[in-house]
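I set down here, in order, what I looked up in this structure. The entries begin with the chain as a whole and end with single residues.

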Amino acid sequence: MPEDDLESLPGVGPATADKLVDSGFESYQAIAVASPGEMSNTADVGESTAADIINAARDAADIGGFETGAAVLERREEIGKLSWRIPEVDDLLGGGIETQSITEVYGEFGAGKSQVTHQMAVNVQLPPEHGGLGGACIFIDSEDTFRPERIDDMMRGLDDEVLEDLFERREIEGTPGDDEAMNDLLNSFLDHIHVAKAFNSNHQILLAEKAKEIARDNEDAEFPVRLLCVDSLTAHFRAEYVGRGQLADRQQKLNKHLHDLMRIGDLYNTAVLVTNQVASNPDSYFGDPTQPIGGNILGHTSTFRMYLRKSKGDKRIVKLVDAPNLADGEAIMRVQDGGLKPE
């Protein structure tokens, strides 16, 4: 939306409009879903003025009111499904990872969490007929896990039929057996993965704001942002906020961070995939003592929760722990050189 349109809102002149745009509030919709406190802090306007601006934007964007279930169903038809390209897992998720939702994958070290984020960074770039969303990926890396070499492995692990289709779509001459053509395809894939390393929790929160800018700038591009990965969501928060005395502060910051991520998903029809660390519950006498960290804040905010655990060899058990409209269940996949594969 042009910047001048913001000046039609009460209390917004040219200078305030510039501040709003610089702070990421570039449209009525972005303003409508903000809180007065957030806008006051980031755009340097008074809280009462911010409340008036937000209310006017809600009226202009026709957001925040009730709607019929039929209207909700129609709107949900815009939601995309990002396939794992593993039929058992896709069936578990009702077709794949949803856009406009947060999907959390947790498990012990070595369970395959980072393998999932890398595979989805490849899959999201595939056209819909091959299970992708034809979009780009933003990768926030808090544990130094991103490896371009792994993207290469997973790209080469795609079926020849898919690779040949990608050569044609991306105007690359060659065949799947041609190293030069495969390297050109790899560079094309890597060009559509925006990676940033988060050095601490504050930096990670800042990167989420930068991710929103990238999603906004590429909204009408050939490859709009359709996947936002955070690997891992909780590592820095866990390391920096130690002890029960800092738990409330940690959860408050984590909650804000999650809502920033959710807003990107809602505004730009993006799937948000986060990985999470685990802890062992010493009070558990029966069953699996492994529990995701992040507490109820993360549990309530994640739309889908998935638990990865190791099995024999390269096998991994994928368990759907929580979903609003799907039954719990398990599936088996393999983590191989060519990526995630069916059993």
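**Entry 1: The chain as a whole**

I compared the radius of gyration with the rule for a globule: a compact globule of 343 residues would have a value near 20 Å, and the protein chain agrees, with 21 Å. The radius is taken over C-alpha atoms, and the rule is 2.2 Å times the number of residues to the power 0.38.

I noted that this is a predicted model, in which local features need pLDDT of at least 70 and side-chain atom pairs count only at pLDDT 80 or more, while totals for chains, interfaces and linings use all residues. Residues are numbered from 1 along each chain as its sequence is written, and side-chain values use heavy atoms, with hydrogens and water left out.

I then looked up the extent of the C-alpha trace, which spans about 60 × 60 × 45 Å along its principal axes. I found 14 helices and 13 strands in the protein chain; these are DSSP runs numbered from the N terminus, helices being H or I with at least four residues and strands E with at least two.

**Entry 2: Burial, contacts and charge**

I recorded that 50% of the 343 residues are buried. Buried means under 20% relative accessible area, exposed over 50%, and partly exposed in between, with a 1.4 Å probe and protein chains only.

I looked at contacts (heavy atoms within 4.5 Å). Of those between residues at least 6 apart in sequence, 62% join residues at least 24 apart.

I counted 32 positive and 62 negative charges, whose mean positions are 9 Å apart. Lys and Arg count as positive and Asp and Glu as negative, without His and the chain ends; each charge is placed at NZ of Lys, CZ of Arg, CG of Asp or CD of Glu.

**Entry 3: Helix α13 and its end**

I checked the length of α13, residues 247-268: at 1.5 Å a residue its 22 residues should span 32 Å, and the end C-alpha atoms agree, being 32 Å apart. The expected span is 1.5 Å times one less than the number of residues.

After α13 comes Asn269, in the loop between this helix and β7 (271-276). Asn269 is not a glycine, yet its phi is positive, about 50 degrees.

**Entry 4: Two further loops**

I found Asp144 in the loop between β4 (136-141) and α8 (148-156). Its phi is also positive, near 55 degrees, and Asp144 counts as partly exposed because its relative accessibility is 39%.

Which bond joins Asp231 and Ser232? I found a cis peptide bond there, with omega about -5 degrees. Ser232 lies in the loop between β6 (225-231) and α12 (235-240).
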